[in-house]
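Biologist: I am new to this structure. Could you take me through it, starting with a single residue?

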Amino acid sequence: MSSERPRAKRRRLALALAAGLGATVVAAADQAPGPRFYPDDPIPVDHDRTQDASGVRPQDLSETYDFLEHTFVARGDRARIRAVNVNTVDEVPDSSWFTNRIGRRPMSVAEIVRGPDRVDRLEAPEWVIVAGKGPAGFQPGFRAVDPRRPDELFQFEVDLEDHADLASGAELIGTTFYHAIGYHVVDTYLVNVHPSQLRIGETATIRDASGRRRFAQGDLDEVIRLAAKNPDGSIRMSAGRFVEGRPIGNFRYHGTRPDDPNDIHPHEHRRELRGNRVFCAWLNHDDSRALNTLEMLVTADGRQFVRHYMFDFGSILGSSPERWWSGHAYLYEPDSTLRGLRTLGIWIPPWRTMIDPRRQSPAVGRFDAASFDPPAWRPEYPNPAFDNMRADDAFWAARIVNRFTDDAIRAVVAKAAYREAEAARVIADALITRRDRIARTWLTGVNPIVDPQLSADGRWSFANAAVDAGVATPAAEYRLTWSRFDNATGVPVGPTEETRAATLDGRAPTSILNGSEFVALTVRSIHPDHPVWQAPVHIHFRRTASGWDTVGLEREVVEGDGAQKRNPIAP
Amino acid sequence: MGSSLGSLVCVAVAAVFGDAPLQSPQSRAEALEAARAARAAALVPYAPTTPEAILFAIEDRYLFERMLNAPRGLFARLGGLPTGSGLAGGPAGRYSTHTVSATITSAASLQRAWEIAAALEFPTLADDHVFIALHGRKRELPLEDFSGLGPDAEDSDRTSYRYRDLLVDVTAGVSPIDSLTVAGSFGRLQPAVGPRGGPAGGRAGVPSIETRFDDDSAPGLDQQPAFDRFGLAVRVDATDESLGSRTGSRLDVAWRRYVDRDLDTYSFDHWILDGRQYVPILTGARTLAVRARFEHLAPAAGATVPFYLRPTLGGPDSIRGLRSYRFRDRTLALLQAEYRWPVNAFLGGVFFYDAGTVADGPSRLTLRSFTHDFGLGLRMGFLSQSFLRAEVAFGGTDGTALVLRFGDVF
């Protein structure tokens, strides 16, 4: 357990930089000289659009290269450091990457379900196809507009004939949850379109191995042939809007975009990208890779900046049933490969036999709760940000997941309009159980003190997120260490006072509070079942005219915190 | 992203050591903005590495498809000649739309086997339920193996012969439901057999066919007529390959009549019965695959079946422990079983067992004459589809055999 003070860490960073190491080149602005806490801390918003990004150029991403690069090379900085884009109270400020929603304020079930939708229903008497879908993704589709609103372009994707509702349901569920969590997503709708409502535009084109050519009736016939049909001959599709702006490629889960002046935080150290591992585990979004992200150059207030989207959820919830490794193994893992060969197939991973898609509705993919082990969950290939996820990142994300009530989960699943009630029930039940398992795993993986407050009359209080979630019994004792804090130097000053409490509130020592502008509080929680709770949470209060504001919160994490099981490829 | 790291270093150094823009921000927002301003002065365009650029070009321009199986234009044909012909390739061209496809391909091997083939196909007629295809080919295989007829053919009698043919077939089929296809065909086959060809000397130690066999022991060796041929085939396919483990069954029944146009000596009926069953076990973690194939060539009254059209046993797709074309005769029985287990997404393992025999008629098939082998191997591909397989077979009469082959067995 590290007892190193933040100021000392800062000095070490400076030395590392001076030596040209660059391995811990993070949190540039956070580590600038100056006070530990600025007057505007904690910032709720990172205005990461201050620099004009009009010089950004589209980037191409090779799917094969991305797989090879991340499977055989540990890309990105792997320093076990705190996420660099959190504010001083350990939260993710709103930015071009993330907008706090359910994690910051209550959301009604109706608001969650509505998600990013701009209209109640997407309907048109006729859809004009303007282009083929392109090669990416499993689902056949095309791009079309409602001729009454030709500026609004949508990408339509169908479910495959043997798996009606499977991918479109996943798309709707993923989009809705990811929006409520806080990511930028495109508004996506379920539509039922009869082939007679489809018309091929005169200038429609498609690009394939023949090159770019005219979109032909045969191309449309092929999509229709592969699609699951409704009894009336119509076809259920997901329709995702092309959002405003100019597409400039995908964002990587490591490094920064070298031509974007606002992109100062290495992606592998961004909390919302590290913590995305938890959300992906919950939804079995194993296709969570750079290719399924989107960057758009948008204009606001006369300035251009890059907005970052999560994109394409059609393969979450195990929606590619033939991918038996989904969520449980990388496409390639040297250890399990050697073991499989060495044992001549006798060894079978336990999860391998726990789910059989053939025995359930075709609308349900490889998605269950029984085989779900949160720390062991894996995407299809290593993701640097996921590999860097620490227990405090996972805790942040798990709190968000835990805010989705049973009713909210069932309502989101209902939005996907599965025609088989049993499919909806199975998926919702699995989501609920997986949510609970995430809470048990990651809400207890750090000292779960949250919402610390210090009142004007010197009474302190905080909450225990794990206890509140019902996944842990109350701690036997909380050990609090109080001291004054010098904001200019960033270190505690003067004598310390230690108090102990069996409850979540009490009175702070007046000897510390009186005459102090800043107060530092370290909390250790004593629980026989959770020894990691003894890792301190460092809290800082600042005196205001009306009392005390919480300006700092940092959790120390235990090395080898078990937030995730080892990536066999990571160093 | 190396360049981005470099620029970030500059920003961070400036921040930590107090370059002018970051010297004394008065707020967190100012500090962040100053860091971004510093970065703005050091932007560089994204520069993909050479491998990344190459791989992107391959994907973006569909280069593999264009090179090996282009829907329109020229491409390269790789392989496609019968086993034993050696590595083959050649130029090809195609023009296709959703309703029609016209293809011409060619291939030649170092063993001087070659083929030119053309196809005109209408694969999606009647809303995808009907297809019509016209196929033609001319080819020469200069080093075909023949060791004699029957299950007792001695390997020491191994010889080579040259086989040429000109074939034109028209096939039409209907698929009323996904799992059922019925097809009929008619066409003409013009074969020619002669002494071995190929590189000087042929295969070392393998003489030409006429040195050991004559028209009695190798019917059809002296004269080869043209054949009219027509037939029917039915396939019932209830396999499900969309799941990780293959499951279901497939049955093929085919009949084709060969009518000797010139000599009235070699007319016969060719029957094929081929059944496959895929059994997922341990909730699909493993697959047991079984195949049974039976072929019989029934000569017309007073006729005989030419040796070069009789089914053969041995090789990577039948008895893997036997050399290709090791046995041949009018009747063939083949049983194959495989236990398959996936190791990862790209690699799978397999244990296999093969048994088979040939005979001069169904009544002469005996269990005693069956040849067996067993072995293990690796399959490389993705999901349940194998791209390449490497196997080692034991127990065949030819000793331990190594197989390296594109594609699956069954």
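**A walk through the model**

Modeller: Tyr253(A) counts as buried, because it has 28 C-beta neighbours inside 10 Å. Please keep in mind that this is a predicted model.

Biologist: Where is Tyr253(A) found in chain A?

Modeller: Tyr253(A) is in the loop between β8 (246–247) and α6 (271–274) of chain A.

Biologist: Leaving aside neighbours within four places in sequence, which residues is Tyr253(A) in contact with?

Modeller: Tyr253(A) is in contact with His267(A), Glu268(A), Leu273(A), Ala290(A), Asn383(A), Pro384(A) and Ala385(A), once neighbours within four places in sequence are set aside.

Biologist: And what separates the C-alpha atoms of Tyr253(A) and Arg435(A)?

Modeller: Their C-alpha atoms are 24 Å apart, and the two residues, Tyr253(A) and Arg435(A), are 182 residues apart along the chain.

Biologist: Let us turn to helix α7 of chain A. How many of its residues are buried?

Modeller: Eight of the eight residues of α7(A), which covers residues 276–283, are buried, and the helix is mostly covered. They are Asn276(A), Arg277(A), Val278(A), Phe279(A), Cys280(A), Ala281(A), Trp282(A) and Leu283(A).

Biologist: You mentioned α12. At what angle do α11 and α12 of chain A pack?

Modeller: Helix α11 (residues 406–415) and helix α12 (residues 421–442) of chain A pack at about 145°, and their axes are 9 Å apart. The crossing of α11(A) past α12(A) is right-handed.

Biologist: Which residues make that contact?

Modeller: From α11(A) the contact uses Asp406(A), Ile409(A), Arg410(A), Val413(A) and Ala414(A). From α12(A) it uses Ala424(A), Ile427(A), Ala428(A), Leu431(A) and Ile432(A). By class, the contact of α11(A) with α12(A) has eight nonpolar residues, two charged residues and no polar ones.

Biologist: Now the whole of chain A, please. How many helices and strands does chain A have?

Modeller: Chain A has 14 helices and 18 strands. Its C-alpha trace spans about 80 × 60 × 45 Å along the principal axes. Chain A has a radius of gyration of 25 Å, which agrees with the value near 25 Å for a compact globule of 571 residues. Of those 571 residues, 51% count as buried.

Biologist: What is the mean pLDDT of chain A?

Modeller: The mean pLDDT of chain A is 91, and 92% of its residues reach 70 or more. Over residues 1–30 of chain A, however, the pLDDT is below 50, and this stretch has 50 contacts in the model beyond near neighbours in sequence.

Biologist: What about chain B: is it spread out or compact?

Modeller: Chain B is more spread out than a compact globule, because its radius of gyration of 29 Å is well over the 22 Å that the globule rule gives for 410 residues. The C-alpha atoms of chain B fill a box of roughly 105 × 50 × 45 Å along the principal axes. Chain B has five helices and 18 strands, and buried residues make up 36% of its 410 residues.

Biologist: How far along the sequence do the contacts in chain B reach?

Modeller: Among contacts in chain B between residues at least 6 apart in sequence, 53% join residues at least 24 apart. For chain A, the figure is 73%.

How values were computed:
Residues numbered from 1 in each chain as written. Chains lettered and ligands numbered in written order. Predicted model: local features only at pLDDT ≥ 70, side-chain atom pairs only at ≥ 80, totals over all residues. Axes fitted to C-alpha atoms, helices over the stretch in contact; angles between N-to-C directions. Helix = DSSP H or I, 4+ residues; strand = E, 2+ residues; numbered from the N terminus. Left-handed = near helix turned anticlockwise from the far one by under 90°. Contact = placed C-beta atoms within 7 Å. Nonpolar A, V, L, I, M, F, W, Y, C, P; charged D, E, K, R; others polar. pLDDT = per-residue confidence, 0-100. Rg over C-alpha atoms; globule rule 2.2 N^0.38 Å. Buried ≥ 20, exposed ≤ 12 C-beta atoms within 10 Å, placed from the backbone.
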